Amino acid sequence: VKFVYDFTEGNKDLKDLLGGKGANLAEMTNLGLPVPPGFTITTEACKTYLDSGEEPAELRDEVSAHLDALEAKMGKKLGQADNPLLVSVRSGAKFSMPGMMDTVLNIGLSDKSVQGLAKQAGDDRFAWDSYRRLIQMFGKTVLGVDGELFEDALDAAKAAKKVTVDTELEAADLKKLVTKFKKIVKTEAGRDFPQDPREQMDLAIKAVFDSWNGDRAKLYRRQERIPHDLGTAVNVCSMVFGNLGPDSGTGVAFTRDPASGHQGVYGDYLQNAQGEDVVAGIRNTVPLAELERIDKKSYDQLMQIMETLENHYKDLCDIEFTIERGQLWMLQTRVGKRTAGAAFRIATQLVDQGLIDEAEALTRVNGAQLAQLMFPRFDDSAKVEQVGRGIAASPGAAVGKAVFDSYTAVKWSRSGEKVILIRRETNPDDLDGMIAAEGILTSRGGKTSHAAVVARGMGKTCVCGAEELEVDTKRRRMTVPGGHVVEEGDVVSIDGSSGKVYLGEVPVVPSPVVEYFEGRMHPGADDADELVEAVHRMMAFADRKRRLRVRANADNAEDALRARRFGAQGIGLCRTEHMFLGDRRELVERLILADTEAEREESLKGLLPLQKQDFVELFEAMDGLPVTIRLLDPPLHEFLPDITELSVRVALAESRQEPHENELRLLQAVHRLHEQNPMLGLRGVRLGLVIPGLFTMQVRAIAEAAAERKAAKGDPRAEIMIPLVGTVQELEIVREEADKVIAEVEEATGTSLKLSIGTMIELPRAALTAGQIAEAAQFFSFGTNDLTQTVWGFSRDDVEASFFTAYLEKGIFGVSPFETIDKDGVGSLVKLAAKAGRETRPDLKLGVCGEHGGDPESVHFFHEVGLDYVSCSPFRIPVARLEAGRAAV
Ligand code: ADP
Ligand code: MG
Ligand code: MG
């Protein structure tokens, strides 16, 4: 194997091997841009070193050979006393990673060569400044000396001289500082600062390798799901000097504004400075535009190079450069990070410039960015009082009254108050409160804490781990830094996108992107800003590209209409249980309690017109588009009062000798219906088979509603969906009854309804016998929530709170399988069932209606396995459309 590549040998596509920095240095070199010569040690070398604990012998030889070549090219030798070559040793993994070793500049300087450098440059001050920087950086990053010690010594030197900036220190001061720094190294590291230049270089290279396994780097990789076995590359780059006087300097720039995408000159420049000085904020930088005045020739060349880079990478780039005595050098470039809004704008700008096509544009944005743009935000212009900052765990802007327990959260929200649930950390008992709250704030825990995981799952704003806040749940208060006390009922505002916590009400403004989807803002109109225009166009690109259709999970006309505005092509899941709540509960209770056939029929008769009306409204809202209605699914006890509450009521009535016959009957029913594992109990199709008339009532309501819409010249397209089927026999029985009812309605109304009947695939057995089930089903809808529960044997309502946090922390999965589909397990059942189903019935319609329908990664999977549509909550529809488009690129 080859462990070392000269900059002339690599290219930008070799990031795996050369790391991002090395690959792009090579690319720029080959574009003919002025890059100081150098070479890159591969990630393979790093891996070999980390595996064996020592540098492979070949690596040493290859480095020597490349160093020889570099020395020959530069006409100097590394650290040579009279005319030294100096290099930087720079880390550079495939992904840029905080926690990795920083760069060491000026390697090759020693007590001897510092004199040579001074003579060579004709500048004493410069040479000693470079030397002290080397000892400082090397001491800190390679030898592990506390950096503050150097900083303090530097400050002391400035103070002694009564100057404020380092450029005011003269050669003699810096010389003294070097002596001081060497002493610090000796005491702290227990060794002398190495005078042998090759030893300096080798130690720095090893330190870069070792930093791959530093704690912070490891933690970062786990959080960002970057594999641990990639290793890092190391770049050895000949030094150019920005600290050679006023005609030298260093800077950073973007080829366009990373916040808005606008073209222009964005960057910072610092005269007479080296590398990190710009970011470190040691002296004030000037805007890049100033460079035009300082050094017109370099400025013009830089503008030219920036254009070359944009045209070459066809994207926004960020760059690092240095000017050495009027000569411009490029030290780094990469495709630059940008805000979500800029990603959309830049993608469309590049299309307009003819640099990329629509398909490529779709790869430049993603659903997570779009989702981020859809959250309401705090008004930027508002005056705010920030009191803390935690981890931005789940985006959004939430305002409400502080409450410190779940019970109060529920109580207050029932009476119409908006609340923020504040806890030290949350646990499963807080679930009701979390649902009731506008947002959740905790003072403990990270991105995988209970609060964070659950809030993200619910799409609820959450800031967690805001450690400066002292939460006292017993006394229902929170103390913020500075001692101010927030009592229960005081208003607070939290920003789940930035992690900031504010006192009082910060005004919230709706996202312009949502205003656009809602039809309240129009692209091209005067008030439409560029962002809306860009989103509008990207959605059109996605819609043109995608094969997957996108439907909504919606139970009422209001949601259905919003879903349509957001681009839904039908309803993929209408849950009928929501139609059994509220004032209809009584009817449902009576149905469950019915002792006689007559009683049961009575209550079903009461429910029929109500259900029918629901469907009429839904069909009207979704006129012309398919509406999949799931017959009743949840266990019946969910419609009955809570057992404890009921027991208390009965006991109370008894002691007061009040009549309580009804409560008693209810309590008996609750006991009768109690199940150890309701999730695996009497629910779904089992209800239909056990409670006579229930499913047929629902089917009749659907059929009559469809007939009514037809009579009104509407175009209802109902699809009846049977939940929790495990075997084709269940489906056959239900179908037979349903077909009969439909035929009756058709005859009575004289219309042909063309209702289709299908099933959910949400049990492993259903997936495994999908070929048989397809004989009785006109469509399958994968219920991936239940399928995930049953395939893993997890109860969704319990695990997220109990052991998921531990699982996520241990890396057993990077993301909850309820959030992103588990492709290997659950996904392979989906694949198998889709295939078997279509073998039986080639025109079988396939969709998915679990939460995964709106998850970007899962959407790509469903596209790949050939489903016809995904269904998700109305708010996720734009994300699903965009990702479906991206999946098809
Ligand atoms: P990072 O990944 O932290 O940006 P870099 O390797 O890019 O680290 O280097 C840190 C700073 O040192 C940057 O400003 C870079 O431009 C500068 N630098 C790196 N190598 C050289 C060199 N050979 N000559 C001059 N400056 C350099
Ligand atoms: Mg850099
Ligand atoms: Mg289900």
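Predicted model: local features only at pLDDT ≥ 70, side-chain atom pairs only at ≥ 80, totals over all residues.
**Entry 1**

I started with helix H31, residues 784–792, and helix H34, residues 823–840. Two packed helices are described by the angle between their axes and the distance between the axes, so I looked up both. The axes of H31 and H34 come within 10 Å and cross at roughly 120°. That makes H31 oblique to H34, because an angle over 145 degrees would be needed for roughly antiparallel, and 65 to 115 for roughly perpendicular. I also noted the hand of the crossing of H31 and H34, which is right-handed.

**Entry 2: the residues that meet**

Which residues of H31 meet H34? I found Thr784, Leu787, Thr788 and Val791 on the H31 side. On the H34 side I listed Gly825, Val826 and Leu829. I sorted the residues of this contact into four nonpolar and three polar, with no charged ones.

**Entry 3: strands E8 and E9**

Next I turned to strand E8, residues 249–256, and strand E9, residues 263–271. How many bridges join E8 to E9? I recorded seven, and the two strands run antiparallel. For one pairing I looked up Thr250, whose bridge partner in E9 is Leu270. E8 and E9 form a hairpin with six residues between the strands. In this hairpin I noted that Gly261 takes a positive phi near 85°.

**Entry 4: strand E10**

I then followed E9 to strand E10, residues 286–287. Two bridges join E9 to E10, and these strands run antiparallel. Here I found Asp268 opposite Pro287 in E10.

Key
Residues numbered from 1 in each chain as written. Chains lettered and ligands numbered in written order. Axes fitted to C-alpha atoms, helices over the stretch in contact; angles between N-to-C directions. Helix = DSSP H or I, 4+ residues; strand = E, 2+ residues; numbered from the N terminus. Parallel < 35°, antiparallel > 145°, perpendicular 65-115°, else oblique. Left-handed = near helix turned anticlockwise from the far one by under 90°. Contact = placed C-beta atoms within 7 Å. Nonpolar A, V, L, I, M, F, W, Y, C, P; charged D, E, K, R; others polar. Pairing = 2+ DSSP bridges.
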